[in-house]
Amino acid sequence: MIDFAHLAHYRENNRIEAKKALGGLPKSIWARRAQGGLPHSLWETYSAFANTMGGLILLGVIEEADKSLRAVGVPDPQWLMEDFWERVTDTARVSANILSREDVFVETVEGKPIVVIQVPRAQRQDRPIYLDEN
């Protein structure tokens with residue numbers, strides 16, 4: 001786990017991925033998805049982490065020009081987590097959900113809520129984790 005109080009000291013690597021993840025303003029789920037919300041690349045990262053050594057996906061975090069990480073927050077972290085759970089359990093999107101509820105949580109960094117997804121390495125019987133039934 002990383003020390004969120006010192007987020008700027010970390011860099012994206014093969015175990016940490018930052019995603020801006022906008023969304024949360026419109027009331028309907030379809031309007032939210034059209035506006036942003038969960039980035040499409042989240043699923044590729046989920047699959048890659050699950051099939052290798054695992055890692056952290058940080059939603060509401062950006063990579064600065066100097067490669068440091070900075071929290072920008074997400075407007076509605078609860079909605080983002082609900083949307084994530086709906087999608088990660090959809091076998092048409094992801095071949096297997098290897099997460100428990102404790103693996104997805106909200107952390108506050110510099111007063112801004114971010115969503116943390118701790119992706120473990122998939123068990124041998126679950127690999128490979130793949131996307132879109134392919």
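Analyst: Buried means under 20% relative accessible area, exposed means over 50%, and partly exposed lies in between, with a 1.4 Å probe and protein chains only. By that rule, buried residues make up 44% of the 134 residues in the chain. The model is predicted: local features need pLDDT of at least 70, side-chain atom pairs count only at pLDDT 80 or more, and totals for chains, interfaces and linings use all residues. Residues are numbered from 1 along each chain as its sequence is written, and side-chain values use heavy atoms, with hydrogens and water left out.

User: What makes Thr-45 count as buried?

Analyst: The relative accessibility of Thr-45 is 10%, and therefore Thr-45 counts as buried, the limit being under 20%. Thr-45 belongs to helix H2. The buried residues of H2 also include Leu-42, Trp-43 and Tyr-46.

User: Which residues is Thr-45 in contact with, leaving aside its neighbours within four places in sequence?

Analyst: Contact means heavy atoms within 4.5 Å. With those neighbours left aside, Thr-45 touches Glu-17, Lys-19 and Ile-57. Taken together, the buried residues of H2 pack against S1, S2, H3 and S6.

User: How many helices and strands does the chain have?

Analyst: Helices (H or I, at least four residues) and strands (E, at least two) are DSSP runs, numbered from the N terminus. The chain has 3 helices and 6 strands, in the pattern β-α-α-β-β-β-α-β-β along the sequence.

User: Why are H2 and H3 called oblique to each other?

Analyst: Axes are lines fitted to C-alpha atoms, for helices over the stretch in contact, and angles run from 0 to 180 degrees between N-to-C directions. Under 35 degrees counts as roughly parallel, over 145 as roughly antiparallel, 65 to 115 as roughly perpendicular, and the rest as oblique. H2 (residues 41-51) and H3 (residues 77-88) pack at about 60 degrees, with their axes 13 Å apart. That angle falls in the remaining range, and H2 and H3 are therefore oblique.

User: Which residues make the contact, and how are they classed?

Analyst: From H2 come Leu-42, Trp-43 and Tyr-46, and from H3 come Phe-84, Arg-87 and Val-88. The contact has 5 nonpolar, no polar and 1 charged residues. Here Ala, Val, Leu, Ile, Met, Phe, Trp, Tyr, Cys and Pro count as nonpolar, Asp, Glu, Lys and Arg as charged, and the others, Gly among them, as polar.

User: What makes S1 and S5 edge strands of the sheet?

Analyst: Two strands pair if DSSP finds at least two bridges between them. The open sheet has 4 strands in the order S1-S2-S6-S5, with mixed pairing. S1 (16-19) and S5 (104-109) each have a single partner strand, so one side of each has no neighbour in the sheet.

User: How do you know that the pairing is mixed?

Analyst: S1 and S2 (residues 55-59) run parallel and are joined by 4 bridges, whereas S5 and S6 pair in the antiparallel sense over 6 bridges. The sheet holds both kinds of pairing and is called mixed.
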